Amino acid sequence: MAFEAFLEALGTTFTLPVLGGILLGVALGLVFGAVPGLNAVLGIVLLLPFVWSLSPFVAFAIMLSLVSAVHTSNTFPAFFFNVPGSPSAAATILDGYPMARNGDAARGLTAAFVVSAVGGIIGALVLLIALPALQPVVLAFAAPERFMLVVLGILMISFLSGAKPVKGLMAGALGLWLGTVGQDPQLGVARFTFGSDYLLDGLQTVPIIMGLFALPEVVSLAIRGRIAERTHVDMGEGFRPGLRACLANRWLVVRSAVVGVVGGAIPGIGGTAAAFYAYGMAVQGAEGAERRRFGKGEIKGVIAPESANNSSAGGELVPLLAFGVPGGATSAILLAAFLILGINPGPEMLGEKLSLSFSMVIVLVLSNLLATGVCIAITRPAARIAFLKSNLLIPALMLFVLFGAYVAYPHPYTLVLTLAFGVLGYLMMRFDWARAPLLVGFILGPLAENNLVISLSSYGAAFLVRPIPLGCMAVMALVVFVAVRRGVGRR
């Protein structure tokens, strides 16, 4: 039955309407990924009113291709403007932007696009062959496991994203506090809103990202005069060194892709957290001078998160197709698309709709390859952006930053919030405080709070002695030990 469904999916996918849908989705995704502030969630939301009358095969070809292309093209602004084109590229900026400043953008972008394709294909293959096998694994992650995994992620990025772990922890704690602004999800009372209706829904992610990462770099760019500190680079040597870097780090690519698949498959974790986990693993696996290069333009710091965030797209579909549970924001919108098209995800997708599930896997593979090919083709001319004078870039960059923030939440206060976090981001950059832990704490804070409340109400403090939480605490102790030993070694 499965083989017949796969053949049916092949025959349906390689038809003109579905292939046209893939081309349209990739074209839209390249734009939504490359423009800061636009992301896959917004793209799918804008598409929903137009897909209800389409065939499910065509509708999901468009939407999944858009998601794949966003995860690929969001690398451009991460390299050139130090702002992720979408949240899943947040970890890429840690070493991608320093590579651009070092005049090494072509090599870094090539490596990023190649591993993005590999990661996307690995995620699709896992989705193809491992849905039944992953069912008990996904079900094993209840609220206690999700809470401990979130805490582990915040701790790892706080300790590993900079040379000052105490500052990293304080930034992560600030992010956790910012995540509590708005209505209490359990009691429904307002917290830290200061009587403002704007803050009842909480702080918005896009304005924070724009202010925290983009605006400080606008100031820095105005001072430097250009993105790259070098004045020239041989762009013809970008592709081969990038490809060689991918081959030299092939096992890092595979490990990071697996992290992305698992992170995407666990509901509520998603590609952004998975990318930071993969980055943290890459840092932990390095030693000596190589470890010190992270955050300064180390290509492994690009390869790991780019492999993870693309593979997470396939991982997020695992709980969605198998159980009807969205693994993240993107798959939550896809769940709405299923319902609009009259399809109930869950056992139906593994039975009478199995051919549609296989078609989605094929679409992920094709769209990843297509998006990667297009991005590599334009890498050399795009990498020259790093050498343009700042007076040409700053107006366009400010337009993208403020437009991207405003379109995410149209309200005058959104611009005020963006500028306020711009000041905070510049001060953190000026005084050598890592900004990534703040962002991770803010994104994962509400998830940690909800799962902690559920864990305490269901199990009490005994949830800490469950096997997976115990394993997470062991890893946390190891991370703290490694960070302390590094600090003592430096002193």
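Tutor: The bend at a residue is the angle between two axes, one fitted to the seven residues that end there and the other to the seven that start there. The model is predicted, and in it helix α22 bends by about 45 degrees at Leu444. A proline, Pro446, follows within four residues of that position. Helix α22 covers residues 436-459, 24 residues in total. From its first C-alpha to its last it reaches 32 Å, close to the 34 Å expected at 1.5 Å a residue. Just after α22, Gly460 adopts a positive phi of about 70 degrees.

Helix α2 may be set beside it. Its 19 residues reach 27 Å between the first and last C-alpha, close to the expected 27 Å. The buried residues of α2 include Gly21, Gly25, Gly29 and Gly33, as well as Val18, Ile22 and Phe32. Among the elements of the chain, α2 (residues 16-34) also has the highest mean pLDDT, 88, whereas α8 (residues 131-140) has the lowest, 57. Over residues 230-236 the pLDDT is below 50, although this stretch has 15 contacts in the model beyond near neighbours in sequence. Where pLDDT is low, the predicted coordinates should not be read in detail. For the chain as a whole the mean pLDDT is 78, and 82% of the residues reach 70 or more.

A positive phi also occurs at Phe192, where the angle is near 55 degrees and the residue is not a glycine. Most residues other than glycine have a negative phi. Phe192 is placed in the loop between β2 (190-191) and α11 (205-224). Its relative accessibility is 40%, and it therefore counts as partly exposed.

Thr92 also has its place in a loop, the one between α5 (75-80) and α6 (93-101). This residue is buried, because its relative accessible area is 0%. Beyond four places in sequence, Thr92 touches residues including Thr75, Phe79, Tyr97, Pro305 and Asn309.

Phe60, when neighbours within four places in sequence are left aside, is in contact with residues including Leu334, Phe338, Leu356 and Met360.

Notes:
Residues are numbered from 1 along each chain as its sequence is written. This is a predicted model: local features need pLDDT of at least 70, side-chain atom pairs count only at pLDDT 80 or more; totals for chains, interfaces and linings use all residues. Side-chain values use heavy atoms; hydrogens and water are left out. Contact means heavy atoms within 4.5 Å. Helices (H or I, at least four residues) and strands (E, at least two) are DSSP runs, numbered from the N terminus. Buried means under 20% relative accessible area, exposed over 50%, partly exposed in between (1.4 Å probe, protein chains only). pLDDT is the predictor's confidence in each residue, from 0 to 100. The expected span of a helix is 1.5 Å times one less than its number of residues.
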